[in-house]
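Try each one yourself before reading the solution.

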Amino acid sequence: MNPAAASPVFAVAHLSKSFGGLKVNHDVSIAMAPGERLALIGPNGAGKTTFVNLVTGRIRPSAGTVRLGDEDITRLGAVARVRRGLVRTFQVTRLFPDMTPEEHVVMAILQRQGRATRILARFHGAGAAADEAADILATLGLTEVARRKVVEIAYGQQRLLEIAIAMAQRPKVLLLDEPAAGVPSTDTPLIERALERLPASLAVLMIEHDMDLVFRFARRVTVLAAGELIFQGLPADVARDDRVREAYLGSYAHAGR
Amino acid sequence: MAQASAPMAAATPARDLGRDLAGLALILAAGLAGYWLFPDNLSFLTRLISVALLVLSLDLIVGYCGIASLGQAALYGAGAYAAGIACLNGVTEPFLLILIGAAAGAVTGLLMGTVMLRAHGLPQLVLSIAIVQLLHEAANKAAWLTGGSDGLAGMVPAPLFGLFEFDLWGRAAYLFGLGLLVAVFVALKLLVRSPFGMVCRGLKEDPLRVSALGISAFPVLLRMFVISGAVAGMGGALGAISTQVVGLDSVSFELSANALVMLVLGGLGNLYGALIGTVVFMAVEHVVAAIDPFHWMTLVGALLIAIVLFAPRGLSGTLDEAARILARRPRRAGP
């Protein structure tokens with residue numbers, strides 16, 4: 001049923017989380033092959049944020065496993081997961097306000113090379129890392145602002161910087177948490193173009209509200225509603241699915257009240 | 001691609017280096033000016049340098065890592081007592097005494113960091129106070145080692161380079177201290193510009209982003225505590241060598257709090273602020289306390305309120321801002 005099942009680079013199996021009696025995530029299973037472009041969608045309150053926190057190691061699951069390649073990473077902390085190649089971006093940008101985009105990307109590169117916390121070295125003298133950072137920033141059209149403080153650049157550019165940092169980390173699996181959230185609609189094409197340029201072999205899981213973006217980006221869609229997966233399949237089929245419609249209409253009906 | 005940003009690329013590191021060299025020259029010039037202008041106050045000026053090292057060490061923790069501490073004198077006092085005890089037991093070489101102070105401060109920093117980094121925010125601040133109070137009490141009780149409330153006295157360090165006595169006028173001690181301060185300042189400037197220093201700044205600005213980069217905060221912060229401890233310990237050792245006494249006040253909450261006041265006064269997170277704050281605070285204390293020993297704190301309090309209200313980035317931040325405004329005018333011709 002699932003094309004990724006053969007040799008998944010990333011697999012979540014029967015993942016559950018309850019807060020007290022409330023099942024926020026229940027028996028969620030997802031498998032992703034290298035190069036996959038999967039979107040996880042769902043109405044507000046479906047448990048998407050909890051899912052992200054479970055997968056990235058911010059909170060511990062009540063049951064189920066998370067595997068990265070051959071390794072079971074369920075018990076690993078957030079930092080250890082990143083080091084093994086499971087990288088995320090943030091729904092609301094998490095950047096260093098007083099640092100430049102270049103400094104962010106250089107730090108990510110140095111960390112990838114195991115040199116990020118060296119004392120007897122110069123941060124701004126790291127030649128090869130600076131060149132690589134310049135390339136990445138150029139790919140995303142951030143060269144102009146590479147040396148401005150993050151607080152001085154536009155929000156759309158900050159979102160692109162989140163993607164640039166992720167690219168510098170060279171992940172195996174990338175989790176994009178609403179990569180276009182808060183960006184003015186005139187700038188969303190910039191984000192889309194950046195996403196199109198992600199390495200072909202990278203497995204990308206996008207958590208997103210914006211259905212237009214999902215349809216353009218994802219080759220497979222999975223729908224989370226009330227903590228459970230209710231649909232996995234092609235983007236073209238998702239709107240025709242009765243349970244999906246019910247879940248979304250239900251939430252819209254609640255929202256309208 | 002690298003060329004595209006080259007014009008701006010050339011500017012930043014070079015300008016930083018120029019500024020650092022100018023800053024260093026300024027510190028040296030001010031230090032030597034002090035030597036010529038106030039020959040009768042050299043022991044006070046040496047104490048000022050000793051405290052400046054303490055405030056610099058606090059800037060590493062507060063200004064670069066964003067961890068508030070009201071117990072920094074624990075590290076300073078550890079260095080002072082270690083150097084004092086060593087000196088009384090026959091280790092009189094001044095450079096060695098500084099190293100002993102640094103080592104004692106570093107070890108205390110390791111312990112203090114291990115405890116403090118378990119907590120965050122207000123509990124962390126309370127832990128720092130608890131640690132300095134505990135050490136204060138320990139130094140008070142262990143009178144056989146520390147002299148208790150009488151403190152240690154009668155240390156006679158060997159002459160500097162075997163030539164210059166640590167005499168009553170304190171010329172050798174002052175120049176020794178000034179050399180130490182400059183060396184430490186250069187080392188710390190390199191430290192904060194290292195990848196490690198940048199990660200510390202990152203941890204101050206957004207720890208969650210740092211962990212998403214795959215960097216663990218704890219070992220980084222603990223190393224900074226050790227480094228900070230070494231710097232504070234050197235300050236303590238310098239104080240012990242120059243005054244030739246070590247008292248309980250060197251490991252007190254009051255000194256810790258004063259150090260934080262000096263740092264806020266001068267400005268956090270650029271190392272210059274630590275020096276400026278120390279000089280202003282101690283100069284005011286020295287001059288005003290001589291005139292009116294009961295109300296000098298009132299003036300410092302008023303000064304601090306004025307700084308917090310009108311120049312929240314401290315004296316150094318305000319100077320920086322003024323320099324930037326002045327520098328911007330002619331450059332506005334460009335794009």
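**Exercise 1.** Work out how helix 4 of chain B and helix 10 of chain B are oriented relative to each other.

*Solution.* The two helices, helix 4 and helix 10 of chain B, are oblique to each other. Keep in mind that this is a predicted model. Step one: take the angle, which is about 140° for helix 4 (residues 94–116) of chain B against helix 10 of chain B, with the axes 6 Å apart.

**Exercise 2.** Decide how enclosed helix 8 of chain B is, and find what its buried residues pack against.

*Solution.* Start by counting: nine of the 11 residues of helix 8 (residues 195–205) of chain B are buried, so this helix is largely enclosed by the rest of the structure. Next, pick some of them out; P195(B), F196(B), M198(B) and L203(B) are among the buried ones.

**Exercise 3.** Describe the side of chain A that touches chain B.

*Solution.* First the totals: chain A puts 32 residues into the contact and chain B puts in 26. Now the helices of chain A: helix 2 (78–83), helix 3 (101–112) and helix 4 (127–139) each supply at least two residues of this side. Helix 3 of chain A gives the largest share, five residues. Finally, sort chain A's side by class: 16 nonpolar, five polar and 11 charged.

**Exercise 4.** Trace the open sheet of chain A and find its edges.

*Solution.* Follow the six strands in the order 6-7-8-3-9-10, with mixed pairing. Strand 6 (86–88) and strand 10 (228–233) of chain A each have a single partner strand, so one side of each is left without a neighbour in the sheet. From one strand to the next, the twist averages 20°. Zoom in on strand 9 (residues 220–225) and strand 10 of chain A: they pair in the antiparallel sense over five bridges. There, V223(A) stands opposite F231(A) of strand 10.

Terms used:
Residues numbered from 1 in each chain as written. Chains lettered and ligands numbered in written order. Predicted model: local features only at pLDDT ≥ 70, side-chain atom pairs only at ≥ 80, totals over all residues. Contact = placed C-beta atoms within 7 Å. Helix = DSSP H or I, 4+ residues; strand = E, 2+ residues; numbered from the N terminus. Nonpolar A, V, L, I, M, F, W, Y, C, P; charged D, E, K, R; others polar. Pairing = 2+ DSSP bridges. Axes fitted to C-alpha atoms, helices over the stretch in contact; angles between N-to-C directions. Buried ≥ 20, exposed ≤ 12 C-beta atoms within 10 Å, placed from the backbone. Parallel < 35°, antiparallel > 145°, perpendicular 65-115°, else oblique.
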